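My plan is to look things up piece by piece and jot down what I find.

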Amino acid sequence: MEIQLWREILDPYSLAVNELITKFNHIIDEYKHAGAYSPIEQVTGRVKTISSILEKSQKKSIDLRNFEEMIDDIAGIRIICQFVEDIYKVVDIIKNRSDMTVTHEKNYIENAKKSGYRSYHMIVIYAVETLKGKKELQVEIQIRTLAMNFWSTIEHSLAYKYKQNMPEEIRERLSSAAEAILILDREMSVVRDEIMDAQNSFTIKANIVADILTNIQNLYKVANKQEVVRIQDDFFRIYQNGDQNELAEFSHNLDMISARYRAQSLR
Ligand code: 0O2
């Protein structure tokens with residue numbers, strides 16, 4: 001097949017990957033703006049290379065005329081979570097979306113692969129709009145924790161290096177590293193609530209501070225300078241005390257002062 005033809009076939013997959021990365025990043029933003037903990041930590045994506053498609057087709061005896069149907073991970077999205085519990089939340093989010101339909105699921109977390117690989121895989125049908133019209137594509141979404149991702153990245157490069165001939169010693173080490181990763185994920189789950197509380201209050205505080213700073217900045221344009229300097233000093237004092245409730249109350253009062261100035265400027 002000519003390179004130009006490959007490009008035409010693979011272009012919509014690039015579009016799907018880009019759109020989905022944007023959409024999943026938007027979910028992270030929505031959680032952040034609501035001051036809530038996001039079950040998604042990071043999103044990446046890729047389109048399989050032509051050589052990798054050819055390699056997989058050969059390995060699985062796939063007729064190249066049917067490769068789009070037979071290879072379900074031409075477009076791949078990887079979602080990284082902090083905790084195992086988050087993975088199932090992301091699975092639910094994906095199942096409830098109206099812009100993709102789940103066709104297959106593989107839970108390699110409950111049923112780890114022989115290699116020790118753990119991850120949750122979903123194949124979804126996702127539609128993109130091209131100049132030739134709507135095209136429905138298969139996209140593989142891999143969802144895993146930071147720890148699982150660490151292991152699988154290392155295993156993937158070693159498996160690539162050794163192909164079928166991975167030395168037994170390395171295989172054993174990888175297997176015990178997979179055990180360690182499993183224990184690490186379990187430990188993390190135990191302290192999850194505490195970690196989430198800390199992260200939540202950090203995000204809420206950061207949002208309050210951002211609101212206060214925006215208000216003070218706007219007040220400089222309309223209010224008496226001395227009053228703004230006094231407000232700013234009050235803010236620094238409260239900020240240094242570190243009390244979140246006091247900061248929230250200060251932010252609320254500042255909102256009212258700003259509203260008063262806005263009303264005055266409209267008169
Ligand atoms: P790449 O280079 O990541 O794209 P199946 O026919 O269902 O048994 P299939 O179609 O390969 O096998 O599906 P599966 O098992 O769900 O694996 C799909 C992808 O999961 C792989 O894509 C890998 O990305 C990842 N994966 C699966 N098993 C392992 C493993 O043991 N170690 C690591 N590191 N990753 C794994 P590709 O096309 O193999 O590779």
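Predicted model: local features only at pLDDT ≥ 70, side-chain atom pairs only at ≥ 80, totals over all residues.

**Sheet**

Residues are numbered from 1 along each chain as its sequence is written, and side-chain values use heavy atoms, with hydrogens and water left out.

I then looked up how β1 meets β2 (residues 75–81): the two run antiparallel and are joined by 6 bridges. Helices (H or I, at least four residues) and strands (E, at least two) are DSSP runs, numbered from the N terminus; two strands pair if DSSP finds at least two bridges between them.

Which order do the strands take? I read β1-β2-β5-β4-β3, an open sheet of 5 strands with mixed pairing. At the edges I found β1 (42–47) and β3 (100–107), each pairing on one side only. From one strand to the next, the twist averages 25 degrees (axes are lines fitted to C-alpha atoms, for helices over the stretch in contact; angles run from 0 to 180 degrees between N-to-C directions).

**Helix α4**

I checked the length of α4 (residues 84–95): its 12 residues should span 16 Å at 1.5 Å a residue, and the end C-alpha atoms, 17 Å apart, agree. The expected span is 1.5 Å times one less than the number of residues.

I found α4 lying across β2, β3, β4 (120–130) and β5 (133–145), at about 165 degrees to β5. Contact here means heavy atoms within 4.5 Å.

Next I listed the buried residues of α4: Val84, Asp86, Ile87, Val90, Val91, Ile93 and Ile94. They sit on the same side of α4, because they cover an arc of only 160 degrees around the axis. Buried means under 20% relative accessible area, exposed over 50%, partly exposed in between (1.4 Å probe, protein chains only); the arc is that of the directions from the helix axis to the C-beta atoms.

**Ser258**

Last, I visited Ser258, in helix α9 (residues 244–266). Is Ser258 buried or exposed? At 6% relative accessibility, Ser258 counts as buried. Leaving aside neighbours within four places in sequence, I found Ser258 in contact with Asn215 and Leu219.
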